[in-house]
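Hi,

Here is the structure I said I would pass on. Have a look at it first, and my notes come after it.

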Amino acid sequence: MKDESLRDRFNRVRGHCTNMNDMTKQVDEIMANARKIVGAIREKHGVGNDYVPKKDIVGSVPCPVCKKGTMAYSISSYNGHRHAQCSENCFGYYCE
Ligand SMILES: [Zn+2]
């Protein structure tokens, strides 16, 4: 087997991965949604991303992503992890 140049290899591998741009777009979208979700929780409770409450916080706000559904969320008193889901399921299940 002859040596393959880096560029040849890149082109070969990329051929199997034509969705790269779509993936980048999806990641951007997910990050933008995450900012909206975390932002909405922060607005409601006035707490930052690393805030760990003494008791679990559970609540709901109008969905900041689709603006149609209701976003239910919780903040764990164990590790501060946020979980959120929209009643319209517009962004799937968010957790961090
Ligand atoms: Zn939604």
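Predicted model: local features only at pLDDT ≥ 70, side-chain atom pairs only at ≥ 80, totals over all residues.

Residues are numbered from 1 along each chain as its sequence is written.

**The overall layout**

The protein chain has two helices and four strands (helices are DSSP runs of H or I with at least four residues, strands are runs of E with at least two, and both are numbered from the N terminus). Read from the N terminus, the order is α-α-β-β-β-β. Of the 96 residues in the chain, 11% are buried. Here "buried" means that 20 or more other C-beta atoms lie within 10 Å of the residue's own, "exposed" means 12 or fewer, and "partly exposed" is in between, with C-beta atoms placed from the backbone. As for contacts in the chain with a separation of 6 or more, 32% come from residues 24 or more positions apart (a contact means C-beta atoms, placed from the backbone, within 7 Å).

**The sheet**

The four strands make an open sheet, ordered β1-β2-β3-β4, with antiparallel pairing (two strands pair if DSSP finds at least two bridges between them). At the edges sit β1 (57–62) and β4 (93–95), each of which pairs on one side only. From one strand to the next, the twist averages 15° (axes are lines fitted to C-alpha atoms, for helices over the stretch in contact, and angles run from 0 to 180 degrees between N-to-C directions).

Going across the sheet, β1 and β2 (residues 70–75) are joined antiparallel by six bridges. Within that pair, S60 has A72 as its bridge partner, and V58 stands opposite S74. Next, β2 and β3 (residues 82–86) run antiparallel with five bridges. On the β3 side, A72 is opposite Q85, while S74 has H83 as its bridge partner. Finally, β3 and β4 pair antiparallel over three bridges, and there H83 is partnered with C95.

Both hairpins have something to look at in the turn. The one made by β2 and β3 has six residues between the strands, and G80 takes a positive phi near 75° there. The hairpin of β3 and β4 also has six residues between its strands, with N89 at a positive phi near 55°.

**The core**

Which residues make up the largest nonpolar core? There are nine: I37, I41, C63, V65, M71, Y73, A84, C86 and F91 (a nonpolar core is a set of buried Ala, Val, Leu, Ile, Met, Phe, Trp, Tyr and Cys residues joined through C-beta atoms within 7 Å). Two or more of these residues come from each of α2, β2 and β3. In soluble globular proteins, nonpolar side chains tend to be buried together.

C63 is another core residue; leaving out residues up to four places away in sequence, its contacts are K68, G69, T70, M71, C86, E88 and C90.

P53 lies in the loop between α2 (20–45) and β1. P53 is partly exposed because 14 other C-beta atoms lie within 10 Å. Beyond residues up to four places away in sequence, P53 touches I75 and S77. P53 and N79 are 26 residues apart in sequence, yet their C-alpha atoms are 8.7 Å apart in space.

C95 is in strand β4. Is C95 buried or exposed? C95 is exposed, since 12 other C-beta atoms lie within 10 Å. Apart from its neighbours within four places in sequence, C95 is in contact with H81, R82 and H83. Between the C-alpha atoms of C95 and H81, 14 residues apart along the chain, the separation is 6.9 Å.

Cheers

How values were computed: Contact = placed C-beta atoms within 7 Å.
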